[in-house]
Amino acid sequence: MSEEIRTKIEEIITGIKGRVDFDKGERLQNDLGMDSLDMITFFFDLEKAFSIPVKEEDIGQYQLTIMTNVVNYVASRAQR
């Protein structure tokens, strides 16, 4: 299931940034080049795609700027 979630998240990022080299690293901003507006769009699209709320405080608490953490966060909430 985590691989399916990761694939969908990569599709969301690609929709925002265009072609992205996901092999460059895990950090959405530093490695994948997402800026603050991209991140706002990303969290909005993430909520929509997975039908889960992403609380502002969760972004820092769960370090949701790192791909693996985003996948784990979505997986834990999608099961509820």
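Select D58 to begin: D58 is buried (under 20% relative accessible area, with exposed over 50% and partly exposed in between, using a 1.4 Å probe and protein chains only) yet has no salt bridge. A salt bridge here is a side-chain nitrogen of Lys or Arg within 4 Å of a carboxyl oxygen of Asp or Glu. The nearest side chain of opposite charge is R77, 4.1 Å away; Lys and Arg count as positive, Asp and Glu as negative, and His and the chain ends are not counted.

This is a predicted model, in which local features need pLDDT of at least 70 and side-chain atom pairs count only at pLDDT 80 or more, while totals for chains, interfaces and linings use all residues. Residues are numbered from 1 along each chain as its sequence is written, and side-chain values use heavy atoms, with hydrogens and water left out.

Stay on D58 and show its helix, α3 (residues 56–61). Helices are DSSP runs of H or I, at least four residues, and strands are runs of E, at least two, numbered from the N terminus. The D58 side chain makes a polar contact of 2.6 Å with that of Y73. Such a contact is a pair of N or O atoms within 3.5 Å; within protein, one must be able to donate a hydrogen and the other to accept it, and residues adjacent in sequence count only if both atoms are side-chain atoms. Beyond four places in sequence, D58 touches Q63, L64, Y73 and R77, contact meaning heavy atoms within 4.5 Å.

Next, select D38 in helix α2 (residues 36–50). D38 counts as buried because its relative accessibility is 11%. Its side chain and that of K17 are joined by a polar contact of 3.3 Å. With neighbours within four places set aside, D38 contacts I16, K17 and G33.

Move along α2 to E47, which is partly exposed because its relative accessibility is 27%. The E47 side chain reaches the backbone nitrogen of V54 at 2.7 Å. Outside four places in sequence, E47 contacts I52, P53 and V54.

Finish with the largest nonpolar core, a set of 23 residues in which I9, I13, L28, F42 and L46 touch the most other members. Such a core consists of buried Ala, Val, Leu, Ile, Met, Phe, Trp, Tyr and Cys residues joined through side-chain atoms within 4.5 Å. Helices α1 (2–17), α2 and α4 (67–78) each supply at least two residues of this core; α4 gives the most, six.
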